Amino acid sequence: MNSPSPSRRWWQDAVVYQVYVRSFADSDGDGVGDLDGIRSRLDDLVSLGVDALWLNPCYPSPQRDHGYDVADYFDIHHEYGTLETFDALVADAAERNIKIVMDLVPNHCSDDHPWFLDAVAAAPGSPERARFWIRDGIPDGAGDPHGAPPNNWRAGFGGGAWTRMSRDDRQWYLGTFTPHQPDLNHTNTDVQQMFAAVLAFWFDRGVDGFRVDAIQPVGKHPDLPDQPPVLPGTPELQITWENPHTIFRPEGHDVWRYFRRAVDAYMARHPGRDLMLVAEAYLVGRPKLLAEFARPDEFHQVFTFDLMLASWNTDGIEAALHDVLWLSEQGIDPCWTLNNHDIQRAATRLGRADAHLPGAVVANALVNSSAPVDAAIGRRRALALISLAMALPGSIYLYQGEELGLPEVLDLPDDRREDPVFLTTDGAEIGRDGCRVPLPWRSEPDASFGFSDTPADGGAPAEPWLPQPTGWGAFARSAQVGVEGSDLDVYQTMITARREHAVGQPLATDVEHLGPGLVAVRRGGLVVIANVSGEPVALDMGHPTLAGAGPVASSAPTEMHTPGVIPPDSTIWFAT
Ligand code: BGC
Ligand code: MG
């Protein structure tokens, strides 16, 4: 077995499992996942083979964006547990050699955060208002001198980006996502000091790193000028992300530098701690810009979403590999991910009839799509893609449920949907609830497929916060554990194969061309070949790359195998 060199840091090759706390496991039967639920399932994650957990935000929050609206950065949300439960989770995880990564939301807090309530109560020009982006309104043409918002910016989840502080206030505040998420002003020293204190507070509790949310809009042009016109036809929800006065501003880098200084100072005071910050920024196909955030005085890592959003064809996948492997050549460890809580699940989006067309996967991942879904093909492609990704250098983040092959739940009733994307667009955008449905743990059709435990009073558990489909039990962990060829089995096999054959091995500098419809990568004696063509492809086993190589792991079920052939929509690992 090849172990990573001792100078490698834990996060550089880690398999990180993303826990959407609300939907993972519910220990107290209230229909909402919680920290004790995670504690009760840690051994299952150990057997999957993960190195770390990333917990979606679990701070006190009114849950209007399920925790991405933080009301207190120094505590645990009451539905999830207490600081003591959190400490117990960190201790249980440490016993199993599992690291804990939290989610840090710097761009905005909740409009329930005491700072925002203070700002509403305070006067224009006050220090309380200086912590946010608050400006006088402009004349609305109907007689109110402050009746129109300060500029034309749009909000990322629909509607305008400005909201009046209160009904008769002459000032407005900026909310890049929704009005319940007022943007914080990181040029303000209170804000800077608070975030440095937040990092230290959780590091003191044993946290090993943070996934830093939505870094794009954190820096702003100090004068907040109007956004220039966008190209005609730009989708409403895309407009914000094209605003040059708030997206990927140079001012953002100053913020990441003070975050990094806080982490480095903490590590200097606590030798032996190995802490990291990983940035979330959707920058597909722009590795050079991504690299700017992974400079030595900014983030340790940046998520690379290129493979997640690649079309299912050789050009799409090779372009994604190419761009991200360029990062690797610059000494920046890629951070692969194929699913998360914001994106339509791979088993569904890759099964869409148009998934092989350029650009279609991006569209299907993020917005409503009407292309029909072939569930069997989607599942096979999702397994093939993760099996390719597992061979690549850098870390890999799995999103809970992908190891069970969960599809997106497309038919949630409208009145049960909770995502602000759905609510603010009046359903024009379906939103992200469909990838957040509580996990099935047991195939027996009890009320929640094992998601909720019995409450302390011995009564029946409450209904899960989002309804699970009737067929959910077929995906349950209990139905897959120990079953050869199940999704869970393929994930476990690939994580093991990754450690045995890939980690620590040099990557061949470019993707190999071994045949039409095939994408291949080589690391030392390992050759990993994905067939994205939909047809079986025979290999030239006499090719020098394959000389002496034999199969060691496969994403395809045994009955699809023929020696020397890569089955359609499958990935096979060969080793010499
Ligand atoms: C998170 C989303 C969240 C948004 C606003 C994102 O990038 O992943 O779930 O809604 O930031 O905080
Ligand atoms: Mg609960």
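Colleague: Is glutamate 418 buried or exposed, or does it fall in between?

Modeller: Burial is read from relative accessible area: buried is under 20%, exposed is over 50%, and partly exposed is in between, with a 1.4 Å probe and protein chains only. Glutamate 418 has a relative accessible area of 30%, so it counts as partly exposed. This is a predicted model, in which local features need pLDDT of at least 70 and side-chain atom pairs pLDDT 80 or more, while totals for chains, interfaces and linings use all residues. Residues are numbered from 1 along each chain as its sequence is written, chains are lettered from A and ligands numbered from 1 in the order written, and side-chain values use heavy atoms, without hydrogens and water.

Colleague: Where does glutamate 418 lie, and which residues does it touch?

Modeller: Elements are DSSP runs numbered from the N terminus: helices are H or I with at least four residues, strands are E with at least two. Glutamate 418 is in the loop between β11 (395-399) and α13 (420-424). Contact is read as heavy atoms within 4.5 Å. Leaving out residues up to four places away in sequence, glutamate 418 touches Arg64, His66, Leu423, Asp433 and Trp465. With histidine 66 there is a side-chain polar contact of 3.0 Å; the term covers a pair of N or O atoms within 3.5 Å, where within protein one must be able to donate a hydrogen and the other to accept it, and residues adjacent in sequence count only if both atoms are side-chain atoms.

Colleague: Which strands pair with β11?

Modeller: Two strands pair if DSSP finds at least two bridges between them. Strand β1 (residues 15-19) runs parallel to β11 and is joined to it by 4 bridges, with valine 15 opposite isoleucine 396. Strand β10 (residues 335-337) is also parallel to β11, through 3 bridges, and here threonine 337 faces tyrosine 397. Of the 5 residues of β11, 5 are buried. Ser395, Tyr397 and Tyr399 point one way, and Ile396 and Leu398 the other.

Colleague: How do the neighbours of β6 run?

Modeller: Strand β4 (residues 134-136) is antiparallel to β6, with 3 bridges, and isoleucine 134 has tyrosine 173 as its bridge partner. Strand β5 (residues 162-164) is antiparallel to β6 as well, again with 3 bridges, and tryptophan 162 stands opposite leucine 174. A hairpin of 6 residues links β5 to β6. Both faces of β6 (residues 171-174) are covered, with Gln171 and Tyr173 buried on one side and Trp172 and Leu174 on the other.

Colleague: What is the span of helix α7, and what covers its buried residues?

Modeller: The expected span is 1.5 Å times one less than the number of residues. Helix α7 (residues 250-269) has 20 residues and reaches 30 Å from first C-alpha to last, close to the expected 28 Å. An α-helix has 3.6 residues a turn, so residues three or four places apart point the same way. The buried residues of α7 include Trp256, Phe259, Val263 and Tyr266. Their cover includes β3 (99-104), α6 (189-204), β7 (209-212), β8 (276-279) and α8 (287-293).

Colleague: Where is threonine 246?

Modeller: Threonine 246 is in the loop between β7 and α7. It is buried because its relative accessibility is 1%. Its side chain reaches the backbone oxygen of proline 217 at 3.3 Å. Phenylalanine 248 is in the loop between β7 and α7; its phi is near 50°, a positive value in a residue other than glycine.

Colleague: Which residues coordinate the magnesium ion (ligand 2)?

Modeller: Donors are N, O and S atoms within 2.8 Å of the metal (3.2 Å for Na, K and Ca), and sites may look incomplete because water is not among the atoms. The magnesium ion is coordinated at 2.2 Å by Asp26, Asp28, Asp30 and Asp34 through OD atoms and by Val32 through O. The spacing along the chain is D-x1-D-x1-D-x1-V-x1-D. Aspartate 26 and aspartate 34 are both buried.

Colleague: Which residues come nearest to ligand 1?

Modeller: A residue is near a molecule or strand if one of its heavy atoms lies within 4 Å. Of the 13 residues around ligand 1, Asp65, Asp213, Glu280, His341 and Asp342 come nearest. For arginine 211, a polar side-chain atom is 2.9 Å from an oxygen of ligand 1.
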